[in-house]
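User: I am new to this structure. Please show me how to read a few of its features.

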Amino acid sequence: MSDELRELYQEVILEHGKNPRNFHASDDATNEARGNNPLCGDQLVIYLKLDGDKRVVDASFLGKGCAISMASASMMTELLKGRSQDEAQSLFEAFHDMCTGEDNGHELPDDVEKLQVLSGVREFPTRVKCATLPWHTMVAALQGEDEISTE
Amino acid sequence: MTPPNTAQAGTPAYDIDAIRADFPILGRTMHDKPLAFLDSAASAQKPHQVIDAVSAVYETEYANVHRGLYQISEAVTARYEGTRETIRQFINAAHTHEIIYTRNGTESINLVAYSFGRNFLEEGDEVIITELEHHANIVPWQMLRDEKGIVLKVAPITDDGELIMSAFEELLGPKTKLVAVAHMSNVMGTILPIEDIIRRAHAVGAKVLLDGCQSVTHIPVDVQALGCDFYVFSGHKLYGPSGIGVLYGREELLNAMPPFMGGGDMISSVTFEKSTWAKLPHKFEAGTPAIAQAIGLGAAIDYVNGIGLDAIGAHEADLLNYATQKLSSVEGLRIIGTAPNKASVVSFTLDYAHPHDIATIIDRAGVAVRAGHHCAQPLMARMDVPATVRASIGLYNNRSDIDALVAALGDVQELFG
């Protein structure tokens with residue numbers, strides 16, 4: 001098996017894929033959005049609860065998808081809690097740059113270094129959207145949109 | 001399972017190594033592994049006979065068709081129109097002008113929805129499709145429904161992926177104007193009982209459109225014997241170029257239908273007050289067509305005829321049996337689509353890995369399959385799967401391709417199992 005595959009499917013990703021964190025709907029979400037990947041038919045819903053200061057106090061998700069998208073959503077919901085809307089937005093930008101290999105000057109903050117395990121998707125152009133779909137959906141939820149599609 | 005064509009044990013239908021040598025791309029590697037191409041249901045590879053025919057058009061006799069008053073234009077026009085006769089013979093249409101060139105199967109269905117549907121269907125008229133249709137045979141009818149107020153009815157299938165004939169019959173009635181069904185499922189390989197479908201549909205006065213994109217590469221088709229009203233297929237799944245497709249329609253219907261698109265080549269005369277239409281088939285072929293692609297499709301049909309669809313069917317049925325047996329022994333694997341009458345396609349899921357992860361992993365072993373919803377999202381919902389892996393067999397596949405797939409699934413199990 002190739003090194004790229006082992007790099008893509010690291011133990012952390014497989015573990016999050018099998019046992020996703022915050023994998024539930026939310027009754028008291030203030031923001032929620034549905035994300036579709038029309039290429040593969042994967043769908044997920046992101047639930048966010050923001051307090052009066054626009055700070056994320058809870059995040060969860062539901063959906064069906066590949067190991068990459070499940071792990072990405074799982075890790076994202078863990079990392080969002082306690083962050084402001086602006087911080088969540090810039091986290092998205094840094095994550096997006098990491099997955100696509102673009103350099104727009106956004107760097108992942110030190111406290112979210114664990115997201116680096118998803119950087120292996122760079123070698124798999126058709127799989128980048130799997131990793132970024134939960135994040136696009138999260139941004140849509142923050143911006144008050146109901147639904148986004150990766151195409 | 002009893003496939004429609006079964007090779008006698010130990011008797012190869014044809015010399016597979018010689019056939020493979022006709023397909024230059026099969027000599028390449030993917031990720032430094034021999035290419036095991038199991039995605040012909042999405043688009044098939046091309047033999048050098050087709051590649052050479054297309055090249056020869058551009059190198060020796062390319063010009064626009066139906067226009068030039070010079071030798072090479074006349075020559076290429078003759079070959080382009082001659083291919084129509086090749087196609088007529090291939091599906092045994094009554095007339096060459098019943099063969100309409102389109103871009104692909106999708107455009108062929110849209111042509112019927114737009115021209116036949118808009119002009120001959122009225123509010124309350126019913127169109128019947130099935131649960132296993134490709135989006136190309138769903139969406140055009142939905143668009144027509146939204147525009148004209150027709151009723152779209154969906155005939156159900158069993159858990160094995162077979163049409164439930166009794167339920168289909170119950171949907172038929174005096175308001176049924178069109179039955180539009182796949183001849184063969186692109187996801188499950190199910191071959192539909194089209195003779196029964198056509199007989200019952202005609203009994204209530206409905207017309208029948210068959211989506212033959214999958215079937216025409218595996219099963220001999222005789223549109224006159226079938227009695228279907230429309231038959232559509234694409235060139236690129238039939239080992240021909242992309243960008244060329246076919247609509248067969250019965251002369252009487254095509255004559256009654258107005259043009260699909262307006263422009264050059266489809267007119268008889270044009271003034272600013274009024275235009276009149278060209279005769280069949282050109283009435284439906286506005287603008288400069290896919291000239292080299294059509295000629296390439298003719299070369300592809302010649303190639304397929306040279307081997308023979310019966311021999312191809314037998315070879316593929318043998319491989320389908322082999323693949324089904326081998327895959328059935330893989331732990332956690334579920335085959336989606338287990339109808340007794342099926343051809344050339346095995347869709348499956350693994351209970352520990354998503355189809356996209358499977359496709360990515362086996363790609364690195366040189367195995368090309370399709371993973372996803374296969375443009376059949378309603379079918380995915382019916383079978384209660386988000387997606388499947390689909391391995392599809394073409395005339396050039398061999399047991400090594402299947403072995404490579406099964407071996408590569410071992411890599412998936414190593415990571416995910």
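**A helix pair and a strand**

Analyst: Helix 2 of chain B passes helix 10 of chain B in a right-handed crossing. A crossing is right-handed if the near helix is turned clockwise from the far one by less than a right angle, and left-handed if anticlockwise. This is a predicted model: local features need pLDDT of at least 70, side-chain atom pairs count only at pLDDT 80 or more, and totals for chains, interfaces and linings use all residues. Residues are numbered from 1 along each chain as its sequence is written, while chains are lettered from A and ligands numbered from 1 in the order in which they are written.

User: At what angle do helix 2 and helix 10 of chain B pack?

Analyst: Angles run from 0 to 180 degrees between N-to-C directions, with axes fitted to C-alpha atoms over the stretch in contact. Here the angle is about 150 degrees, and the axes lie 8 Å apart. That makes helix 2 of chain B roughly antiparallel (over 145 degrees) to helix 10 of chain B.

User: Is strand 5 of chain B enclosed or open?

Analyst: A residue is buried if 20 or more other C-beta atoms, placed from the backbone, lie within 10 Å of its own. In strand 5 of chain B, residues 126-130, five of the five residues are buried, so the strand is largely enclosed by the rest of the structure.

User: Which strands pair with strand 5 of chain B?

Analyst: Strands pair if DSSP finds at least two bridges between them. Strand 6 of chain B pairs with strand 5 of chain B in the parallel sense, over five bridges. There, T130(B) has A155(B) as its bridge partner. Strand 7 of chain B also runs parallel to strand 5 of chain B, joined by three bridges.

Key: Buried ≥ 20, exposed ≤ 12 C-beta atoms within 10 Å, placed from the backbone. Helix = DSSP H or I, 4+ residues; strand = E, 2+ residues; numbered from the N terminus. Parallel < 35°, antiparallel > 145°, perpendicular 65-115°, else oblique.
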